[in-house]
Amino acid sequence: MHNDFELMNKFGKEKIPFFFIISYNKKEVIVIHLEKLADYNIFFKINQKPKEFIGELEFSYFPIEFDEYYNKFEAVQKYLKNGDTYLLNLTFSTPIQTNLSLKEIYEYSSAEFNLLFQDRFVCFSPEKFIEIRNNKIYTNPMKGTIDAQSPNAELMLINNKKEIAEHYTIVDLLRNDLSLVAKKVRVEKFRYIDKIKTNNGEILQSSSLISGFLENNWTSQIGEILDKLTPAGSVTGAPKIRTCQIINEIENYSRGFYTGIAGIFDGSTLISFVLIRFIEKIDNNLYFKSGGGITTLSNAEDEYRELKRKIYVPIVRNH
């Protein structure tokens, strides 16, 4: 196991509060004392009201052409039809332009989880990864997105056959993942709807809640638990190992920390989130990384629209 996973075990055993971040491929695993975070220019907020935004937001993006998207979509379909994978999360890096800095996006964004990581990236994630409290572990896989302005949007999302199949697959995968570290794993809540405000209006997303029980000494095994559960199933697919191999082959770019996880241990409880809704600075240019789950029931035009729908900032101007 990586030394920094071992450091999590050590801090957890000693009940030392810490922040952690794990890249998608687990090549970068960073653990920092909670009180020293600001020294590293790392800031996070959980369920906090954002700073009021009263200016004019400039935000534009430049997605890949549909033909290029379609080629990768079809490459995924070949693996799906061959039985190598039955759900694959296909993502892309999209150049964006905005009049806001990463720090300003962090300050003004309204999301459950906000993270500013130096001047490297900002994340405003709606998706919890795992939460551990009172020896119980919870996870909330999020799968399925629709524009809230669509006619009968909630019914459309709940009854969409592709979204249903995708959600069942992810819930099954995450239930199996939790069983690697916990006992008495069960689905507590299946396919509930969250509403997310963006600069382009509202979107709806469906999630589920899965839970299990841990041993009393779980704090001394935090590193092992996170190592076994990552990368997150909701942003990879199933079966996880083979699907990750296919992702590496088809995507042809580095996810980096995108679709990794971050979180805190406060000395008694742990909360973490998936690093999605993610803007990264590379050579002074900004890129928004986004994507969606592909199955044999997927439609290329719909998936391309979803890729673009997820490119937003959760900043609502106050007049």
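Biologist: Where does Asn252 lie?

Modeller: Asn252 lies in the loop between α7 and β14 (261-265), with helices (H or I, at least four residues) and strands (E, at least two) taken as DSSP runs numbered from the N terminus. This is a predicted model, in which local features need pLDDT of at least 70, side-chain atom pairs count only at pLDDT 80 or more, and totals for chains, interfaces and linings use all residues. Residues are numbered from 1 along each chain as its sequence is written, and side-chain values use heavy atoms, with hydrogens and water left out.

Biologist: Why does Asn252 count as exposed?

Modeller: Its relative accessibility is 67%, and exposed means over 50%, buried under 20% and partly exposed in between (1.4 Å probe, protein chains only). Asn252 therefore counts as exposed. Asn252 also has a positive phi of about 60°, although it is not a glycine.

Biologist: What makes Asn41 partly exposed?

Modeller: Asn41 has a relative accessible area of 43%, so it is partly exposed. Asn41 is in the loop between β2 (29-33) and β3 (42-46). Its phi is positive, about 55°, and it is not a glycine either.

Biologist: How do you know that the buried residues of α6 are on the same side?

Modeller: In helix α6 (residues 222-229), Ile222, Gly223, Ile225, Leu226 and Leu229 are buried. They cover an arc of only 165° around the axis, which puts them on the same side of α6; the arc is that of the directions from the helix axis to the C-beta atoms.

Biologist: Which peptide bond is cis, with omega near -5°?

Modeller: The bond from Thr230 to Pro231. Pro231 is in the loop between α6 and β13 (237-238).
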